[in-house]
Amino acid sequence: YLQNPQQFIRKIPHMSFVQGENNIAFLKKRFELLSQNPLFENMQFSENPETLKHWMPLMMENRNAQEAVAATYIENGTDVNFGELTRKLFQHLTAQGCQLHLNHKVTDIQKSNDGWLLTIQNASGQILKHLCKFLFIGGGGGTLPLLQKTGIKEGKHVGGFPVSGIFMECRNPEVVVKHHAKVYGKAKIGAPPMSVPHLDTRFIDGEKTLLFGPFAGFTFKFLKTGSICDFPASFKPGNLLTMHIAGLKNIPLTHYLIKQALLTKEQRMADLREFVPDAKSEDWEVIIAGQRVQIIKDLPNAKGSLCFGTEVISSEDNTVAALLGASPGASTSVDAMLSVLEKCFADKLPEWKEKLSEMMPSYGKSLRDTPELAQISRAKTIRFLGL
């Protein structure tokens with residue numbers, strides 16, 4: 001159904017990179033454990049400078065020969081252009097008769113006897129009504145305000161904490177050509193898990209670029225083009241205590257985000273030079289990638305907990321579901337949507353199972369526990385996607 005897969009997915013090796021003897025010992029132990037798992041059987045580990053120069057020439061160029069560094073390497077990683085993939089998916093859906101409306105804003109959501117009644121404003125300001133039996137809210141940072149409009153009890157004690165993602169970008173072809181990998185470091189002590197630094201080869205509109213980050217930015221906006229009123233407007237009677245407790249528990253994180261937002265370009269370049277020792281300021285520019293709204297919710301043993309993952313919240317009657325939290329990349333997006341089907345359409349699953357298994361031969365099976373299936377699945381994926 002999706003032609004020319006190279007337009008949305010490319011083969012890019014994935015690596016983990018560490019500095020210092022303690023971190024090398026950690027990475028080596030992790031490699032030894034992971035490589036016993038069939039899903040990671042092709043992972044490689046090296047401390048050899050010559051091997052590392054082959055894997056990541058830009059990062060090893062002019063590096064101090066006395067510095068202790070190591071890395072793990074997986075050849076069959078990928079870079080996914082989710083914008084292009086989304087466009088291709090919706091082209092397929094619209095060809096089947098699915099209606100797609102862009103530049104429409106949902107202004108109200110009300111429960112009715114026949115389902116959910118949506119009030120929508122189109123690009124010209126016209127007010128429209130739409131009735132649906134099942135409602136899925138997947139609006140990124142805009143999901144929480146829409147979930148709150150539904151009034152379902154599952155969304156009462158849920159809040160959100162907005163964080164902007166800032167990256168350094170390089171488009172200088174002489175620099176870009178020297179790096180072809182996604183290389184992840186370790187988060188610094190005291191930094192949140194979302195701040196793991198990485199130097200990525202990315203293809204944006206067909207052009208190869210390098211991105212380094214993320215640096216967190218402090219913001220009140222839930223969307224990149226949102227309003228500074230987004231965050232304060234999300235405080236509701238149902239989540240006020242939850243948000244208050246979360247604020248008291250996460251004062252150090254707030255200080256960290258403010259300090260991150262106030263970093264100068266040269267201070268960010270200093271972090272980049274831990275990855276690329278001779279990086280030149282004129283080759284890199286600061287860009288704001290997007291917004292992330294971290295989930296704040298009450299856990300069984302901890303009220304006002306700040307969560308860093310992705311979560312699906314659904315109503316008791318299974319007529320509405322919402323995707324909150326971090327952006328679900330290739331590793332979690334399918335699993336998140338399968339959880340919606342399994343929770344909200346449990347009565348339909350028996351008749352859908354054959355089709356789901358046709359689409360995903362490993363559906364309902366453990367690739368970790370069945371190495372043969374893992375090999376077959378990987379080989380098929382690599383063949384069909386031209387990797």
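# Exercises on side-chain contacts

The structure holds 17 salt bridges. A salt bridge here is a side-chain nitrogen of Lys or Arg within 4 Å of a carboxyl oxygen of Asp or Glu. The model is predicted, so local features need pLDDT of at least 70 and side-chain atom pairs count only at pLDDT 80 or more, while totals for chains, interfaces and linings use all residues. Residues are numbered from 1 along each chain as its sequence is written, and side-chain values use heavy atoms, with hydrogens and water left out.

## Exercise 1

Find the salt bridge of E61 and say which parts of the chain the pair ties together.

Solution.
- Start with the partner. E61 forms a salt bridge with K178, and their closest N and O atoms are 3.3 Å apart.
- Now place both residues. E61 lies in the loop between α3 (57-60) and β4 (69-74), and K178 in the loop between α6 (173-176) and β11 (182-184), so the pair ties together parts that are 117 residues apart in sequence. Helices (H or I, at least four residues) and strands (E, at least two) are DSSP runs, numbered from the N terminus.
- Check the exposure. Buried means under 20% relative accessible area, exposed over 50%, and partly exposed in between (1.4 Å probe, protein chains only). E61 is partly exposed at 28%. K178 is partly exposed at 32%.

## Exercise 2

Describe the salt bridge between E311 and K297, then the one between K355 and E358.

Solution.
- In the pair of E311 and K297, the closest N and O atoms are 2.7 Å apart.
- This pair links distant parts of the chain: E311 is in strand β16 (residues 310-314) and K297 in strand β14, 14 residues apart.
- E311 is partly exposed at 23% relative accessibility. K297 is buried at 17%.
- K355 and E358 meet at 3.7 Å, N to O.
- Both K355 and E358 lie in helix α12 (residues 349-359), 3 residues apart, about one turn of the helix.
- K355 is partly exposed at 45%. E358 is exposed at 55%.

## Exercise 3

Work out how the rings of F17 and F275 are arranged.

Solution.
- Take the rule. Rings of Phe, Tyr and Trp (its six-membered ring) pair if their centres lie within 6.5 Å; planes under 30 degrees apart count as stacked, over 60 as edge-to-face and the rest as tilted.
- By this rule the count comes to 12 aromatic pairs.
- F17 and F275 have ring centres 5.5 Å apart and planes at 55°, so the pair is tilted.
- F17 lies in strand β2 (residues 14-19) and F275 in the loop between α10 (265-272) and β14 (284-299), so the pair ties together parts that are 258 residues apart in sequence.
- F17 is buried, at 2% relative accessible area. F275 is buried, at 4%.

## Exercise 4

Which residues of helix α8 are buried, and where do they lie around the axis?

Solution.
- In α8 (residues 240-249), T242, M243 and A246 are buried.
- Seen down the axis, these buried residues fall within an arc of 95°, so they line one face of α8. The arc is that of the directions from the helix axis to the C-beta atoms.
- On the other side of α8, L241 and L248 are exposed.
- Find the packing partners, with contact meaning heavy atoms within 4.5 Å. The buried residues of α8 pack against β10 (158-170), α7 (230-233), β14 and β15 (302-307).
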